[in-house]
Amino acid sequence: MELRDYVAAMRNQWLLILCIAVAGILVGLGTAALTPASYRATSSVFVSVDRGQTTSELVQGSTYTQNIVQSYTQLVTTPKVLDPVIEDLDLETTAQTLASHVTAETPLNTVLIDIKAVDASAEGAAEIANSVAASLSETVAELSPAVGQDQRPPIELTVVTRAQTPGAPFEPNIRLLLSLGFLGGLVLGVLVALGRELVDTRVRNSTDIERVTKLPVIASVSRNRNKKSSQLAMRSNPHSHVAESYRLLATNLEYIDPDRQLKSILVSSPMPGEGKTTIAINLALAVAEHTNRVLLIDADLRRPAVAPYCGIQGDVGLTTVLSGNASAEEAIERWSGVDILPSGPVPPNPTQLLSSNTMASIVRDLVARYDFVVIDSPPILPVADALPLARLAEGTLLVARRRKTRRQQLARAQAALENVGASTVGVVLTMADADLGSTYYGSYPDSGVGKPGAEAWVPPTEPRSWRSSEQPDEPAQTDGKARSAADSGR
């Protein structure tokens, strides 16, 4: 992943990151609520030498005091000092336990000892700090040797600052806990978001597709809130940005190979539900804007969808032609400027039918009659039906759906096509993010075509042929029943 991929991952999952950060704040708040309040009070003791008449003696005494004050600091937490405190304050504890609540330290280059006591109550913290200071002074007086005629100890400890009752607890530190909770949750949220992006192998954009397949993304069809309108956008709303995506697809296919006229295209996908039938129908409608010699073949003999989408009968179709019970002319129906050969009845042996010589002969004959033929096939990975069809078409168009098709599936589908010698011309990404450029000219209102009582869209009366300046011959005629159905506006 590149830097922009990491940024995109965090932008796409900002809500997840925010939720985890808020959860971190709640954890900090809960920790603060469960942590018992603790108060801290501090008293200070000054260590001095009670002997020295000359300057030299005073300097020696000061040096001696600085050297010995560290020993007195360690003496604070000994039972010798703390046992009298426990007895004086009538505490129900031991010297060892009390030592964990008392600390002593000496500021640098001083002879002061700061004694800090921690307790669950503010008054108790102050009492313990003051009592420890008094007990330390008495203990040092006992331990220091008496000198001179008056037998007074040379070291004297004086309490210079008595501990005051603290006004607020020092624990829990709510601000610190909330800040740490938020920062920890934020970091965890970013890591989770990046981890999900690394583990998630679904296709997200054109860059993912090009990295996996090395194929160009010929077109991206964006999402549409109106599902019915987006399925047949070329018919129901031909002025929408979704319809323009199909026109762009048709144009790109027209110029995909300037040296060769592409007359037939197979539309397939790695897995079901990725939009291949919708792409096939709308592509045929987009090409039909330039010529009326366009044929759409529904070669998905397992789960046919072209006839239901287009609202045609479909009882007679490709399987009927393959079985010899009808000719292609009798099975083809006219719909919105496009000739459609539906799949017909579902057979028990679709793979054998599609890979037969009869199927190859039918496709060659129809490609010779029409300017452009679109074949809707089954998905590549679940069944093998699409692979023999890919050899019959001049090019194969793979359809991938954003946030559904996985990169491994797309790579396997491409490899399967390459193994049978099929020519894959590119990939179409469906359910893509809307392009900002699609709103440059504004959004046309829904034309209403395709709705009850609306007139069906009809291509120009004198269409141009697909990449050809010659006037095409008339397309093959259907039988009376099918043509009658076409005339009724199917």
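**The second largest pocket**

By class, the second largest pocket is lined by 13 nonpolar, 10 polar and eight charged residues. Nonpolar here means Ala, Val, Leu, Ile, Met, Phe, Trp, Tyr, Cys and Pro; charged means Asp, Glu, Lys and Arg; the others, Gly among them, are polar. A word on sources: this is a predicted model, where local features need pLDDT of at least 70, side-chain atom pairs count only at pLDDT 80 or more, and totals for chains, interfaces and linings use all residues. Residues are numbered from 1 along each chain as its sequence is written, and side-chain values use heavy atoms, with hydrogens and water left out.

The pocket holds about 750 Å³ of space. Its lining has 31 residues, and G273, E274, G275, T278 and Y309 are the closest to the centre. Helix 12 gives the largest share of the lining, four residues. Strand 5 (217-222) and strand 12 (424-432) are among the elements that supply at least two each.

Pairing needs at least two DSSP bridges between two strands. Strand 6 (264-268) and strand 11 (395-401) run parallel, over four bridges. S268 has L398 of strand 11 as its bridge partner.

Last, S240. Where does S240 lie? In the loop between helix 10 (233-236) and helix 11 (241-254). S240 is buried, at 9% relative accessible area; buried means under 20% with a 1.4 Å probe, protein chains only.

Definitions and conventions. Buried < 20%, exposed > 50% of the residue type's maximum accessible area, 1.4 Å probe, protein only. 1 Å grid on protein atoms, 1.4 Å probe; cavity = no way out; pocket = protein on both sides within 12 Å on 5 of 7 lines; lining within 4 Å. Points joined across faces, edges and corners; volume = space filled by probe spheres on them.
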